[in-house]
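Please look over the structure below before reading the briefing. The notes after it are grouped by topic.

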Amino acid sequence: MKLLVVAALFGLCFAQHDPNTKHGRTSIVHLFEWRWADIAAECERYLAPNGYAAVQISPPSESIVVTNPWHPWWQRYQPISYNLCSRSGTEGELRDMIIRCNNVGVNIYVDAVINHMCGAAGGEGNHSSCGTYFNTKNKDFPSVPYSSWDFNDYKCKTGNGEVESYNDIFQVRDCRLVSLLDLALEKDYVREKVAKYLNKLIDMGVAGFRVDACKHMWPGDLSNVFGRLKSLNTTWFLPDTKPFIYQEVIDLGGEAIKASEYFELGRVTEFKYSAKLGKVIREWDGEKLSYLKSWGEGWGFMPSDKAVVFLDNHDNQRGHGAGGASVLTFWDSRLYKIGTGFMLAHPYGVTRVMSSFRWDRHFVNAKDENDWMGPPSNADGSTKPIPINPDTTCGDNWVCEHRWRQIRNMVIFRNVVSDQPLANWWDNGNSQISFSRGSKGFIVINNNNWELNETLNTGLPGGTYCDVISGDKIDNSCTGKKISVDSDGRATFHISHTEEDPFIAIHAESKL
């Protein structure tokens, strides 16, 4: 009996590391703060045709509504119930979006906030996205319902009830993160309510969850909750398919809690990836692209089959969370495209692309005073729809990095090469590098301040290929550069250091 239980738990854990993606698709896109109606349309018109595997959506649960500052992005991370109404839309619009995305083979992963409810200063009344009453002073959330018995205040040993030291695992997991009311996930009643919320979303057709603030929850509590989750909806997934779980655990080293404590439960976000790749591409502290030859576990990262990786996320692109100033964002578009190109070409981890909105940056003592700003909104605080320009970019301050040609085409590149090993590495001892993914794809990057002129072994069959960075392959012609690969797999590359995009990528499906 004991062996059967262990086997069952092992099977559950293993399954929750699988993204459950369809049709050879590999990359997630985080459509941060998008409305459900816009995501549904984007799945059909852009994501599915361009090989995106999945969308990470913003938290769909009812949240507090903050008007000072004016409807900040972080209000979505302060739930007051598990009702499915948010500024992204109604429960009906959420359901329609999930159906439409699944029908074109694009998975939906929900950003699940289950560590806490809203902040202790949230107040009393019905200033919430569904209009539901709550009272933070009494810890009364009647729509769940939660009461004062369902929070961790009795366990926290700090004077103010807040996390004061990240070297104390009990504080980190039992005290309030920035005043957010910390749920007592050790209680069966709380576990039941959280699992009920997640299972409702599974029944609706979601394929998995990005679980927020996992470092602030005990792994045993999470294991219990995840063990209560249903298999995915068989309308779109095979019977007994478990939801994909990826956990936000910020571990840059030097703290008591390690990302490895969560490996058995699902994948984990590798924040060191974001911080270190930004530093290399910015060439800070003498870093060079040639050092990336051992990228991945060789840099002290978690095992590839446990990792979800990204160049930036909604927190650290604003200086929150982890990574610091080295993190590359859309504000540094040239370097950002280089970094995203490398990430999508390299085999390490499950990749997630960010899709952002602009805010009005205002720096005081190197701090962006406007990093709280929410998405483009109407006067009443409702989120604006995403307009699509004639050139396929987005308007009205929606950045839509996932629609940038260079990023979209590298998502396709990753799909083409997904079963191929990294091979044929070359570097100049500095910041010019190239490598192949077996015999299906090849990338060369020039991040030096001088020209690259090299004949390199691509590993690809001979023929003429379209560079998918400078243009597209349309019918049987290239709108950008053409690369001629000889019968021995070698090709000559010229990349000026002044080019807008100083890298070239070719793959089996870009061959003429």
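Where is Lys-139 found? Lys-139 sits in the loop between strand 6 (134-135) and helix 4 (169-174); helices (H or I, at least four residues) and strands (E, at least two) are DSSP runs, numbered from the N terminus. This is a predicted model, in which local features need pLDDT of at least 70, side-chain atom pairs count only at pLDDT 80 or more, and totals for chains, interfaces and linings use all residues. Residues are numbered from 1 along each chain as its sequence is written, and side-chain values use heavy atoms, with hydrogens and water left out.

- Lys-139 has a relative accessible area of 16%, so Lys-139 is buried (buried means under 20% relative accessible area, exposed over 50%, partly exposed in between, with a 1.4 Å probe and protein chains only).
- Leaving aside neighbours within four places in sequence, Lys-139 is in contact with Tyr-146, Ser-147, Ser-148, Phe-151, Asp-153, Arg-176 and Leu-181 (contact means heavy atoms within 4.5 Å).
- Pro-145 also lies in the loop between strand 6 and helix 4, and the peptide bond from Val-144 to Pro-145 is cis, with omega near -5 degrees.

**Helix 2**
- Nine of the 12 residues of helix 2 are buried, including Trp-36, Asp-38 and Leu-47.
- The cover over these buried residues includes strand 1 (28-31), strand 2 (54-57), helix 3 (91-103) and helix 9 (405-417).

**Helices 8 and 9**
- The axes of helix 8 (residues 333-345) and helix 9 come within 9 Å and cross at roughly 10 degrees (axes are lines fitted to C-alpha atoms, for helices over the stretch in contact, and angles run from 0 to 180 degrees between N-to-C directions).
- Helix 8 is therefore roughly parallel to helix 9 (the term covers angles under 35 degrees).
- Among the residues making the contact are Tyr-336 and Leu-344 of helix 8 and Met-410 and Arg-414 of helix 9.

**Backbone details**
- The peptide bond from Asn-68 to Pro-69 is cis, with omega near 5 degrees, and Pro-69 is found in the loop between strand 2 and helix 3.
- His-23 has a positive phi, near 55 degrees, although His-23 is a residue other than glycine.
- His-23 counts as exposed because its relative accessibility is 63%.

**Residues 423-511**
- The unreviewed UniProt entry places the feature "domain: Alpha-amylase C-terminal" at residues 423-511.
- Over residues 423-511 the chain is 0% helix and 52% strand.

Key:
Parallel < 35°, antiparallel > 145°, perpendicular 65-115°, else oblique. UniProt positions renumbered as here; feature names shortened; annotations may be inferred.
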